[in-house]
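Reader: I've never looked at this one before. Could you walk me through it, in plain words?

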Amino acid sequence: MNLHHQFYREYYRKLDPSHPESEKRKGLVKKYNQSRFSVINKRITEATLDKAAPANYLFDHPGFGPSLKKFRLQTTYPGLVCGTGYPHETGSADDEFKIGFYFDQTTGLPTIPGSSIKGTLRASFPRFEMINQKSKEHKSTKQAKADLITRCAATITENTTLKSWSKAGEKKANERLKWVNLLEHQIFDGLDPNLGKKRISPSKIDTCLAAQIAVSPGSQKPFLGTDYITPHGKEIWEEPTPILFLKVLPQVTFEFSFLLFDTIVSGIEFTAKHKRNLFRLLLLISGVGAKTNVGYGRLVDPKVSSKEWEKELEKIFPELSGDPDYTSDTAKEQPEDFVQDNKDSIEESPQPKAYTPTERDYKHASSLNNPRRGPKVTAKVYRVEREKVTYELLIKGLNDSKAKFVTVTQLTGTLPTEGTYGKIQISSYQSKKAKAHQFKLMGKFEPFQ
């Protein structure tokens with residue numbers, strides 16, 4: 001089954017495009033289209049890799065030779081979205097996917113185009129910031145990006161020059177920026193860093209290939225799911241209109257492939273393997289695809305545990321581990337007594353007392369049938385994993401015990417402590433079926449003191 005064909009062709013093949021004037025006829029047309037969309041939606045979201053993926057479709061052609069470099073990364077909650085700019089809406093029914101999605105036409109599988117990967121990687125380099133070039137903000141952004149690339153490269157190559165630049169702060173800012181600019185020209189523009197603007201042979205230019213799903217033999221696990229965005233209008237109390245879209249589910253592994261070649265930039269050797277490891281770090285840090293600012297497209301290395309990843313980050317950003325050579329600028333600028341007083345206040349802050357929920361803390365599901373104002377319910381911080389926080393809502397009367405667990409992405413502020421109880425507001429409650437419940441949250445978690 002080719003999912004590209006199902007999503008863009010079969011989806012509309014038997015659609016009734018008529019717009020009758022009769023309200024009764026309109027209702028019948030909408031009902032028919034809705035049933036049609038529901039069938040295709042179910043077919044797409046229930047597809048498994050053992051049936052949807054053709055055999056041996058990954059980039060394993062021997063003609064690529066040793067220049068082919070790969071690594072595998074895995075999606076996290078809430079998933080991955082790619083191709084949202086493609087049109088995919090008729091307005092014929094509520095259950096229609098209203099946002100496009102990118103499928104490879106040949107394999108029919110979700111694919112991250114090489115151009116998207118290249119754009120994501122280049123966005124981490126300083127030359128990408130081309131707006132208002134004369135402003136101080138532009139210069140500081142360029143230097144910050146050059147600092148990031150230099151730190152990653154120093155960790156990967158163990159080069160003493162790069163290590164000294166990464167520790168030198170503002171003193172070596174110009175050297176870092178110059179070196180990173182030359183590396184960027186070589187990778188993305190195909191310009192020889194040692195011969196000015198002379199172009200490299202086309203057969204030696206670094207290339208980003210499309211990232212494809214890594215199929216496990218006999219995998220019968222679905223890999224696509226649905227989600228909603230609810231854009232609000234100008235009026236504060238205006239009812240939002242949910243927009244249904246398709247996404248790649250969490251814990252789906254993608255194989256990223258590149259054609260990479262060794263190079264020397266200002267006397268510093270940067271091999272194809274170094275480039276591959278640099279690209280891996282940048283994708284882990286920035287994510288890929290659409291809606292990354294709200295958590296989509298975030299990736300993890302399935303072979304690396306969260307503790308091992310924290311150690312990798314500490315090598316790139318030693319200030320996170322308390323390395324005295326990387327004392328923060330704020331601490332350097334403040335008087336010694338101010339810093340010491342601040343540390344003492346943190347050490348002496350009392351820990352929150354353990355809270356034991358009572359029967360009064362629980363709400364019954366039947367009392368939440370129409371929570372337009374968003375009632376607050378008692379919740380427990382069930383799990384904290386990086387920026388993902390899972391709350392356990394104290395709601396009884398649910399037929400599905402999993403419905404009380406809600407995971408959200410918190411990109412700002414201090415993450416709550418596991419096991420803490422508090423109040424959190426429900427933004428919407430849906431009952432698609434009589435026995436199915438779905439909760440969404442809004443606002444901040446307010447822990448009990």
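Reader: Let's start with F188: is it buried or exposed?
Author: Quick ground rules: the model is predicted, local features need pLDDT of at least 70, side-chain atom pairs count only at pLDDT 80 or more, and totals for chains, interfaces and linings use all residues. Residues are numbered from 1 along each chain as its sequence is written, and side-chain values use heavy atoms, with hydrogens and water left out. Buried means under 20% relative accessible area, exposed over 50%, and partly exposed in between (1.4 Å probe, protein chains only). F188 has a relative accessible area of 6%, so the word for F188 is buried.

Reader: How many aromatic pairs are there?
Author: Rings of Phe, Tyr and Trp (for Trp, its six-membered ring) pair if their centres lie within 6.5 Å; planes under 30 degrees apart are stacked, over 60 edge-to-face, and the rest tilted. By that rule, the number of aromatic pairs is 20.

Reader: Take F71 and F256: what kind of pair are they?
Author: The two ring centres sit 5.5 Å apart. Their planes are at 20°, so F71 and F256 are stacked.

Reader: Which strands does that pair link?
Author: Helices (H or I, at least four residues) and strands (E, at least two) are DSSP runs, numbered from the N terminus. F71 and F256 are both buried, and they tie together distant parts of the chain, 185 residues apart. F71 belongs to residues 68-75 and F256 to residues 253-259, which are strands β1 and β7.

Reader: Back to F188: what kind of pair does it make with F125?
Author: F125 is buried as well, at 0% relative accessibility. The ring centres of F125 and F188 are 5.2 Å apart and the planes are at 75°, so this pair is edge-to-face.

Reader: How many residues apart are F125 and F188?
Author: F125 is in the loop between α4 (114-122) and α5 (136-157), while F188 is in helix α7 (residues 173-189). That pair links distant parts of the chain, and the gap is 63 residues.

Reader: In the largest nonpolar core, which residues touch the most other members?
Author: In soluble globular proteins, nonpolar side chains tend to be buried together. A nonpolar core here is a set of buried Ala, Val, Leu, Ile, Met, Phe, Trp, Tyr and Cys residues joined through side-chain atoms within 4.5 Å. The largest core has 65 residues, and the ones touching the most other members are W179 and F256.

Reader: What is the omega of the peptide bond between Y77 and P78?
Author: P78 is in the loop between β1 and β2 (111-112). The bond joining Y77 and P78 is cis, with omega at about 5°.

Reader: And what is the phi of E158?
Author: E158 lies in the loop between α5 and α6 (160-167), and it is partly exposed, with a relative accessible area of 49%. Phi is positive there, in a residue other than glycine, with a value near 60°.

Reader: Where is K291 found?
Author: K291 also has a positive phi near 60°, and at 29% relative accessibility it counts as partly exposed. Its place is the loop between α8 (272-286) and β10 (299-300).

Reader: Last one: what share of the chain's residues count as buried?
Author: The chain comes to 11 helices and 17 strands. Of its 449 residues, the share counted as buried is 41%.
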